[in-house]
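Dear colleague,

Please find below the structure that I am handing over to you. My notes on what was found in it follow directly after.

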Amino acid sequence: MNKSNVKKLTTIAILTAVAICLAIFEQMLPPITAIPGGKLGLANIVTMIALYKFGGGTAIGIAVTRSILGSLLYGGASALPYSLAGALLSSILMVLFYRRAGLSFIGIGVIGGVSHNIAQTIVAAAILQNIYVLTYMPVLMIVAVFAGAFTGFAAIQVTKRLKNP
């Protein structure tokens, strides 16, 4: 393995660790709103940074790894289906819109937040076997737009300060 591959692998490992730490840290914070399920999604900042530095496959890999390890380390196995569904859908859509639509990270963050909440709400409806859970989705979408814009803005600020790989 050459020096550039080691540097890339090390950077990806660090980004994954930071994403896990941010996810766990966010779980320990008091709710940002009175709306259950409303949160910032700080780990999505790392997903966007990975997308910028390494591309879509790495960004999706970090999001999925963060979801699995974060759930098992802090959220418990019962949180895994929600976290994994949200991470998969949001990271895939962020990659697609970043590549094809040329959106800024603010737009990408909003797409990530909204799609994460959609996936988690659908999983909740399936697990609870209650379609009325979906009526909560519009409220979560409002929170997701603001949270996604915040994480997108944060990703812009971080990527401005990064050195090239």
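Is Phe105 buried or exposed? Phe105 is buried, because its relative accessible area is 8%; buried means under 20% relative accessible area, exposed over 50%, and partly exposed in between (1.4 Å probe, protein chains only).

Before the rest, some notes on the source. This is a predicted model, in which local features need pLDDT of at least 70 and side-chain atom pairs count only at pLDDT 80 or more, while totals for chains, interfaces and linings use all residues. Residues are numbered from 1 along each chain as its sequence is written, and side-chain values use heavy atoms, with hydrogens and water left out.

Phe105 also belongs to an aromatic pair. The count of such pairs comes to one, where rings of Phe, Tyr and Trp (its six-membered ring) pair if their centres lie within 6.5 Å, and planes under 30 degrees apart count as stacked, over 60 as edge-to-face and the rest as tilted. The ring centres of Tyr98 and Phe105 are 5.6 Å apart and their planes stand at 5°, so this pair is stacked. Tyr98 is partly exposed, at a relative accessible area of 27%.

Next, the helices. Helices (H or I, at least four residues) and strands (E, at least two) are DSSP runs, numbered from the N terminus. Helix H2 (43–54) is mostly covered, with 11 of its 12 residues buried; among them are Ile45, Met48, Leu51 and Phe54. The cover over the buried residues of H2 includes H1, H3, H4, H5 and helix H6 (137–161), contact meaning heavy atoms within 4.5 Å. The end C-alpha atoms of H2 are 16 Å apart, which agrees with the 16 Å that its 12 residues should span at 1.5 Å a residue; the expected span is 1.5 Å times one less than the number of residues. Gly55 follows H2 and has a positive phi, near 100°.

In H3, the buried residues include Ala59, Ile62, Val64 and Arg66. H1, H2 and helix H4 (80–100) are included in what covers the buried residues of H3. Just after H3 comes Gly76, with a positive phi of about 90°.

Leu29 sits in the loop between H1 and H2 and counts as partly exposed because its relative accessibility is 36%.

Finally, two residues from the later part of the chain. His116 lies in helix H5 (residues 105–128) and is buried, with a relative accessible area of 12%. Leaving aside residues up to four places away in sequence, His116 touches Ser83, Gly86, Ala87 and Ser90. Gln129, in the loop between H5 and H6, is exposed at 73% relative accessible area. Gln129 has a positive phi of about 50° although it is not a glycine.
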